Amino acid sequence: MLTINSVTELNNGVKMPLLGLGVFRAQSGEEARNAVRTAIEYGYRHIDTARIYCNEKSVGRGIRDSGVDRKDIFVTTKLWRDDYVNPRRGIEQSLQRLGLDYIDLYLLHWPFNGFAKAYLELEKLQREGLCRAIGVSNFRIHHFKELQEAGASVVPQVNQTECHPENAETELLGWCREHKVAFEAYSPLGGQGHLLIHDPRVLAVATHCKATPSQVLLRWNLQRGVIVIPKSVHAERILQNSALYHFELSPEDMQTLSDLDKGLRRGWDPDRIEERPPELWPVPVEEQ
Ligand SMILES: NC(=O)c1ccc[n+]([C@@H]2O[C@H](COP(=O)([O-])OP(=O)(O)OC[C@H]3O[C@@H](n4cnc5c(N)ncnc54)[C@H](OP(=O)(O)O)[C@@H]3O)[C@@H](O)[C@H]2O)c1
């Protein structure tokens, strides 16, 4: 039975909570800090940030404000492209901003040029204990094969990618399961602000389950064994997104949601990531 304390065991034995709080676009300062503290108060034990979100300092403060032991909170952050040539610098600076002495999960944010070489460095950082688990984000199957060809000795513990009923990623999920790579859904409520909470089919399932549309969308992934990291900076939504253990989606409900799949990834295509105009990326800034 799923509960807020449910975890998945990664391929190196590290336990990762299935539900986490995402903080992309949570403003550095009070907004991100309060969201993190509130989430932890409501029982979340997993926070997903990244260097490029420019809110690692606030995340660290929110964690300390909560008063919960650091070891009981699972913190993910991600290496940004500027540091693919020097991942050690990337993780050391993230640790400093977060005010932590290890990261639970350190991810390559995108398959940017040089990703395989950067991954080999992540393996060293993991051996040294700077991060407990390592993984990738926005990877397709062929990217994993490139890691292997480059001599990677650690199977990535996690692949974090866009996943919701309109982009079910069934083939990639199956491949990851087979190769013991845990699958983590970002934008679980719908990609790039196109929330699926107003979709009539989602609403119909929600009504009949006596749940909210966001809870139904999150359960759909959780019941497939997929980790979810919904983002909100509003206390009532943070609570709502975590209060999803009073109901279960039947096989028919699961199918209704799976039928929404149209392979509609709204984020950038990982295979064309180097073509994305630089001005579309956020500029890394230092927080106060
Ligand atoms: N690895 C990557 O490349 C990558 C890319 C994108 C995202 N991510 C990670 O995944 C996390 C989640 O993805 P996401 O932020 O793109 O999308 P999401 O979590 O699917 O959706 C977030 C949006 O939904 C709203 N929302 C949240 N709960 C709601 C509710 N119960 N009812 C109505 N609206 C609700 C939020 O608004 P409010 O905040 O105003 O409540 C926000 O606008 C990110 O924060 C980040 O940590 C990773």
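The model is a predicted one, in which local features need pLDDT of at least 70 and side-chain atom pairs count only at pLDDT 80 or more, whereas totals for chains, interfaces and linings use all residues. Residues are numbered from 1 along each chain as its sequence is written.

Ile197 belongs to the loop between strand E9 (182-186) and H7, where helices (H or I, at least four residues) and strands (E, at least two) are DSSP runs numbered from the N terminus. With neighbours within four places in sequence left aside, Ile197 is in contact with Leu189, Val202, Pro213 and Ser214, a contact being a pair of residues whose C-beta atoms, placed from the backbone, lie within 7 Å. From C-alpha to C-alpha, Ile197 and Leu217 are 7.9 Å apart in space and 20 residues apart in sequence. The loop between E9 and H7 also holds Gly193, which is exposed, with 9 other C-beta atoms within 10 Å. The C-alpha atom of Gly193 is separated by 23 Å from that of Glu274, which is 81 residues away along the chain. Pro200, for its part, is placed in helix H7 and is exposed, given 7 other C-beta atoms within 10 Å; between Pro200 and Leu264, 64 residues apart in sequence, the C-alpha to C-alpha distance is 18 Å.

Two packed helices are described by the angle between their axes and the distance between the axes. Helix H7 (residues 200-209) packs with helix H8 (residues 213-222) at an angle of about 95 degrees, and their axes are 8 Å apart; such axes are lines fitted to C-alpha atoms, for helices over the stretch in contact, and angles run from 0 to 180 degrees between N-to-C directions. H7 and H8 are therefore roughly perpendicular to each other, since angles of 65 to 115 degrees are classed in this way, those under 35 as roughly parallel, those over 145 as roughly antiparallel and the rest as oblique. On the H7 side, Val202, Leu203, Val205, Ala206 and Cys209 meet Pro213, Val216 and Leu217 of H8. By class, this contact of H7 with H8 has eight nonpolar, no polar and no charged residues, where Ala, Val, Leu, Ile, Met, Phe, Trp, Tyr, Cys and Pro count as nonpolar, Asp, Glu, Lys and Arg as charged, and the others, Gly among them, as polar. Lys210, in the loop between H7 and H8, has a positive phi of about 55 degrees although it is not a glycine, and counts as exposed with 9 C-beta neighbours inside 10 Å.

The largest nonpolar core has 75 residues, and Leu21, Val23, Val36, Tyr106, Cys131 and Ile227 touch the most other members; a nonpolar core is a set of buried Ala, Val, Leu, Ile, Met, Phe, Trp, Tyr and Cys residues joined through C-beta atoms within 7 Å. Not counting residues up to four places away in sequence, Leu21 touches Ala35, Val36, Ala39, Tyr44, Ile47, Asp48, Ile229, Lys231 and Ile238.

Arg25 lies in the loop between strand E3 (21-22) and H1 and has a phi near 70 degrees, a positive value in a residue other than glycine; with 13 C-beta neighbours inside 10 Å, Arg25 counts as partly exposed. Tyr42 is found in the loop between helix H1 (30-41) and strand E4 (46-48) and counts as partly exposed, with 16 C-beta neighbours inside 10 Å. Apart from neighbours within four places in sequence, Tyr42 is in contact with Ile238, Leu239 and Ser242.

Note on methods
A residue is buried if 20 or more other C-beta atoms lie within 10 Å of its own, exposed if 12 or fewer, and partly exposed in between; C-beta atoms are placed from the backbone. Two residues are in contact if their C-beta atoms, placed from the backbone, lie within 7 Å.
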